[in-house]
Amino acid sequence: MSNSIKSRPGVHLKTFIFLLFIAFFAPVGNVMLSKGMKGIGSARTWEPAGFLHILVRILTSAYIWMGIACLLAFFVAYMLVLTWADYSYVQPASAFSYAVVAFLGFFLLNETVNLVRWSGIAVICLGVVIVGHTHPRTTEKS
Amino acid sequence: MLELIFLFFIIGAGTGGELCISHAMKALGEVHDFRPAALLQFAWRAARVGWMWVGIGLMTLAFFSLLAMLSMENVSFVVPVTALSYAAGAVGAAVFLREKISPQRWLGVLVVCLGVTLVWLSRR
């Protein structure tokens, strides 16, 4: 075990800042993608023959590209934080984005979010808090 | 049925991809220098790790499955349901990355999965 990593004061602040980036860019990106895909039509009605046409519509949608840009920003933050923190810590800790995405879906996309769904999201956040109280890194530094 | 197939790809390929990328990142070591030139150099080093490309391929598959799922269901349903990858991720991290997962972390993952179940039930 690397005690020097555990006792270093900057590591928790650095992790917290990167988790904030993750919790912002991931939900905004997903909302953009949702907006773009809703304009293209349900996958239930997609025909194999029309796949190329659908792909072109996806790749020419501004919302899809804005979503991809946000998810790229999320991805870079995610990759960097994984260089010092455990995957099994970062993945659940970034789950706050599930609550953010529900709020954005409700307020920006006028989605119906019932009480059971809000409860489920609250339980997910509770799980996040439990995981958040464990130490970011348990493996040796490479 | 179609939703379950896409969900399988989102979770299976997404978690597999993240594990591959995490494996590659651990091999590269911790980032201390955040200047653009240093980050570009880091990205170049990352691009030469094979696991990185396997991870990117799997995550691309997961991404297009996510797009298909988002065309059918609300984002407030789709994104929380994908949290099922937490169970797959914890098992994968313990088995493949040899991370030590404490009982507290397992409890957190279990609670997250319980929340996902509620979100799934909210669809009816």
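Predicted model: local features only at pLDDT ≥ 70, side-chain atom pairs only at ≥ 80, totals over all residues.
Of the 142 residues of chain A, 39% count as buried, where a residue is buried if 20 or more other C-beta atoms lie within 10 Å of its own, exposed if 12 or fewer, and partly exposed in between, with C-beta atoms placed from the backbone. Good morning, colleagues. Residues are numbered from 1 along each chain as its sequence is written, and chains are lettered from A and ligands numbered from 1 in the order in which they are written.

Let me stay with chain A. Chain A has 7 helices and 0 strands; helices (H or I, at least four residues) and strands (E, at least two) are DSSP runs, numbered from the N terminus. Among its contacts with a separation of 6 or more, 83% are between residues 24 or more positions apart. Two residues are in contact if their C-beta atoms, placed from the backbone, lie within 7 Å.

A:Phe106 lies in helix α6 of chain A. Leaving aside neighbours within four places in sequence, A:Phe106 is in contact with A:Glu111, A:Val113 and B:Ser76.

That last partner brings us to the interface. Here, 50 residues of chain A are in contact with 47 residues of chain B. On the chain A side, the elements giving two or more residues are α2 (10-40), α4 (62-81), α5 (87-93), α6 (96-108) and α7 (115-132). Of these, α7(A) gives the most, with 12 residues. By class, this side of chain A divides into 27 nonpolar, 17 polar and 6 charged residues. Ala, Val, Leu, Ile, Met, Phe, Trp, Tyr, Cys and Pro count as nonpolar, Asp, Glu, Lys and Arg as charged, and the others, Gly among them, as polar. For the complex, the predictor gives an ipTM of 0.73 and a pTM of 0.74.

I turn now to chain B. Its secondary structure comes to 6 helices and 0 strands, and 44% of its 124 residues count as buried. The C-alpha atoms of chain B fill a box of roughly 50 × 35 × 25 Å, taken along the principal axes. Chain B averages a pLDDT of 86, with 99% of the residues scoring at least 70; pLDDT is the predictor's confidence in each residue, from 0 to 100.

Buried residues in α3(B) include B:Met52, B:Gly55, B:Leu58 and B:Ala62.

Finally, helix α1 (residues 2-28) of chain B and α5(B) pack at an angle of about 35°, with their axes 10 Å apart. Axes are lines fitted to C-alpha atoms, for helices over the stretch in contact, and angles run from 0 to 180 degrees between N-to-C directions. In this contact, B:Ile11, B:Gly14, B:Thr15, B:Glu18 and B:Leu19 in α1(B) meet B:Ser85, B:Ala88, B:Gly89 and B:Gly92 in α5(B). Thank you for your attention.
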